[in-house]
Amino acid sequence: MSHPPDGPYGYGYSEPTPWASGIAVVVLVTALTATGVYAFGAALAQIHWLLAVAVNLIAVGGAAPTAWRWRYAPVTRWVIAGLGAGVLVAWLSLLLF
């Protein structure tokens with residue numbers, strides 16, 4: 001899918017990408033998400049590991065379509081990137097520890 005030069009929403013102007021603040025948002029959201037998903041997954045794994053896997057897959061499967069629609073929104077794209085990275089970090093941590 002291609003978008004016009006002023007972005008997918010056609011605002012009529014194009015602003016420079018705020019990389020510094022965007023990366024700060026990604027790092028903070030990644031840390032918060034990874035902590036929450038890891039803690040919840042570890043608690044569920046104490047009950048039964050299949051329960052932890054099922055709940056995580058259902059949660060991600062339910063949130064993924066909404067996140068996919070928001071991926072081009074100017075501010076939300078940074079939060080979505082942090083959420084995705086946080087879930088991946090938490091899943092890797094759950095598998096390794």
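These are my notes on how the three helices of this predicted chain sit against each other.

**Ground rules.** The model is predicted, so I kept in mind that local features need pLDDT of at least 70 and side-chain atom pairs count only at pLDDT 80 or more, while totals for chains, interfaces and linings use all residues. Numbering starts from 1 along each chain as its sequence is written, and side-chain values use heavy atoms, with hydrogens and water left out.

**Overall layout.** I looked up the elements and found 3 helices and 0 strands, running α-α-α from the N terminus on. Helices here are DSSP runs (H or I, at least four residues), strands are E runs of at least two, and both are numbered from the N terminus. The chain has 97 residues, and 20% of them count as buried. Buried means under 20% relative accessible area, exposed is over 50%, and partly exposed lies in between (1.4 Å probe, protein chains only). I also checked contacts, meaning heavy atoms within 4.5 Å. Of those with a separation of 6 or more, 73% link residues 24 or more positions apart.

**α1 against α3.** I noted that two packed helices are described by the angle between their axes and the distance between the axes. Axes are lines fitted to C-alpha atoms, for helices over the stretch in contact, and angles run from 0 to 180 degrees between N-to-C directions. The axes of α1 (residues 19–47) and α3 (residues 76–96) come within 6 Å and cross at roughly 40°. The contact of α1 with α3 has 19 nonpolar, 7 polar and no charged residues. For these classes, Ala, Val, Leu, Ile, Met, Phe, Trp, Tyr, Cys and Pro are nonpolar, Asp, Glu, Lys and Arg are charged, and the others, Gly among them, are polar.

**α3 by itself.** I checked the span of α3: its 21 residues reach 30 Å from first C-alpha to last, close to the 30 Å expected at 1.5 Å a residue. The expected span is 1.5 Å times one less than the number of residues. Trp78, Ile80, Gly82, Gly86, Val87 and Ala90 are buried in α3, and the buried residues of this helix pack against α1 and α2 (49–69).

**Gly86.** This one is in α3, and I put it down as buried because its relative accessibility is 0%. Leaving aside neighbours within four places, Gly86 is in contact with Thr30, Thr33 and Ala34.

**Thr33.** I went to the other side of that contact next. Thr33 is in α1 and is buried, with a relative accessible area of 13%. Its side chain reaches the backbone oxygen of Val29 at 2.8 Å. Not counting residues up to four places away, Thr33 touches Gly82, Leu83, Gly86 and Val87.

**Ala90.** Also in α3, Ala90 counts as buried at 1% relative accessibility. I found its C-alpha 5.9 Å from that of Val37, 53 residues apart along the chain. Apart from neighbours within four places, Ala90 is in contact with Ala34, Val37 and Tyr38.

**α1 against α2.** Last, I looked at the other pairing of α1, which packs with α2 at an angle of about 140°, the axes 6 Å apart. Val37, Phe40, Gly41, Leu44, Ala45 and Ile47 in α1 meet Trp49, Leu51, Ala52, Val55 and Asn56 in α2. By class, this contact has 9 nonpolar, 2 polar and no charged residues.

How values were computed. A polar contact is a pair of N or O atoms within 3.5 Å; within protein, one must be able to donate a hydrogen and the other to accept it, and residues adjacent in sequence count only if both atoms are side-chain atoms.
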